[in-house]
Amino acid sequence: MDAFLIGAAQVLAPTTLLYMLMGSVAGIIAAAIPGFTVTMAIVLTLPLTFAMEPLQGISLMLAVYVGGYTGGLISAALLGIPGTPSSVATTFDAFPMARNGEPGRALSLGIWASFFGTIISTIVLIFAAPPLAIFAVKLGPWEYFSLIVFALTIVASLVGHSLQRGLIAAMIGLAISTIGTDPMMGRPRFDMGLEVLVAGLPFLVVLIGIFAISQLVSEVEDAEAIKTGEKLVQGEIDFKTWAVMREVLMRPVNLIRSSLIGVAIGALPGAGGSIANLVAYDQAKRGSKTPEKFGTGTPDGIVASEAGNSATAGGGLIPLIALGIPGSAVDAILMASLMVHGISIGPRLIMDNADLVYGMFLAMAVSSLMMLMICVLSMRSFLRVAEVPKWVVVPIVLVCCVVGSFALNNRVTDLYLLGFIGLFGYALKALDYPLAPLVLGVILGPIAETNLRRALMTDPDWSLFVTRPVSLIFLIAAVLSVSWAIRGIMKSRKQTEKTEEPL
């Protein structure tokens, strides 16, 4: 109790709260700009914490962290462009809902789902950090590869109207992930002798090109609509915050399931929100009584995606606090911030610095409240995007995409890749190929390859993938996932045939 009170006194100090408020605003704005990720915002914040007290600095970074996971929702809902990789699945239903005349409802659903997801992950973090962290550390490359195989089965639920086209898109994504430097040997491969491909295709460049550039090109297809000043999103800018809060709470199973998925995936080093939001969305679709509504603007899709990705914030701190192992790049930066102040990270962190750990728990909860307060108070300003004509929005967003892609590695060649990938994504979209499986392949491809090769380098025996219990569980789950998806597709086809027969 004494340690908790000491930590609470530091976190709730006026100066610390002011820093956290500024950090939350910065995180939301940075994540709302396509290309400016949560990691980039945290990196820019790190030098500012060197002159602060340890808990004060870590509280500031946690505020940026929590705000960043929610900020990507804004561009995903209003522009159809995921602000961060962890908001990819949010675009599937938030943007259609905004296009159907309910942009305020789409934003409110995502904000409340993010808030509750963060709170749930903080509760789990407090009570389950040691056992979950020990479980995560015991997983080897065999288990990680099987987990990624299971995650790849999400493709079956994201294929859209054509299973074949969805699988082709996923294979293209996996192929793109192999271009560049070999992750294990460091040798160039599949660059076709082109200097622009030697460094590979950066994931964020692919993400921005596939979603942002292709979407922007689609918006300017109709010249007459541009001339008449047509808005990007139609509908009223009004929103009903408390009614939407009740709407989110009326989906307790989806909310809690998605949050727990985010916590579990966040606790696995190297996974993160980009996987959690897709897995949570997939499980919500499979558990829904009306899966055909997903992708058309259903609230369950928004709740699942945002609760899943926001819950990874608390999940990622589990191995960091309990064992000193960062769960993601952002957690590694948080760990560096503590080490700069001479605090040793590891199993004795809770014993030696209990006030710091309890302060971090409280800072997570306070950050989520600040995020909610900022988003609710400024939502009307965000929704003003709905009143701006396309001819104004499109070039501004395009400039942000270009700046974000260049800032990633400071390479002009990335801009060439951005343009080419954007046109390629537009062509796929015009041919009715789903883009989500392609992005999923790009995200999971490198992780799957690295862990497969690491497992075989450790022991060339393939049977270990099915003899190790956790790995076998993930593989069985993958088989069941594919079987369930195929069953759903066949059932949908039969219903379509029955409907067409009388006609």
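Biologist: Which helices each supply at least two residues of the nonpolar patch?
Modeller: Helix H2 (14-32) and helix H17 (354-382) do. Keep in mind that this is a predicted model.

Biologist: OK, and which helix gives the most to that patch?
Modeller: H2 does, with six residues.

Biologist: Which residues make the patch, and what's its area?
Modeller: Leu 18, Tyr 19, Leu 21, Met 22, Val 25, Ile 29, Met 373 and Leu 377 make it, and the area is about 740 Å².

Biologist: Take Val 25. Where is it found, and why is it called partly exposed?
Modeller: Val 25 is found in helix H2. Its relative accessible area is 33%, and partly exposed covers the range between the 20% limit for buried and the 50% limit for exposed, so Val 25 gets that label.

Biologist: Switching to the inside: which residues touch the most other members in the largest nonpolar core?
Modeller: Tyr 65 and Leu 317, out of 73 residues in that core. H17 gives the most to this core, with 14 residues.

Biologist: What about a second core, how many residues is that?
Modeller: That one is separate and has 55 residues, including Val 205, Ile 261, Ala 284 and Leu 418.

Biologist: New topic, H8. Which residues are buried there?
Modeller: Gly 166, Ala 169, Ala 170, Gly 173, Ile 176 and Ser 177 are buried in H8. They cover an arc of only 120 degrees around the axis, so they sit on the same side of H8.

Biologist: Why would spaced-out residues point the same way?
Modeller: An α-helix has 3.6 residues a turn, so residues three or four places apart point the same way.

Biologist: And how far apart are the end C-alpha atoms of H8?
Modeller: They're 21 Å apart, which agrees with the 21 Å that its 15 residues (163-177) should span at 1.5 Å a residue.

Key: Residues are numbered from 1 along each chain as its sequence is written. This is a predicted model: local features need pLDDT of at least 70, side-chain atom pairs count only at pLDDT 80 or more; totals for chains, interfaces and linings use all residues. Side-chain values use heavy atoms; hydrogens and water are left out. Patches are made of residues with over 30% relative accessible area and no salt bridge: like charges are joined within 9 Å, nonpolar side chains (Val, Leu, Ile, Met, Phe, Trp, Tyr) within 5 Å. Accessible areas come from the Shrake-Rupley method with a 1.4 Å probe; for residues, only the protein chains shown count as cover. A salt bridge is a side-chain nitrogen of Lys or Arg within 4 Å of a carboxyl oxygen of Asp or Glu. Helices (H or I, at least four residues) and strands (E, at least two) are DSSP runs, numbered from the N terminus. Buried means under 20% relative accessible area, exposed over 50%, partly exposed in between (1.4 Å probe, protein chains only). A nonpolar core is a set of buried Ala, Val, Leu, Ile, Met, Phe, Trp, Tyr and Cys residues joined through side-chain atoms within 4.5 Å. The expected span of a helix is 1.5 Å times one less than its number of residues. The arc is that of the directions from the helix axis to the C-beta atoms.
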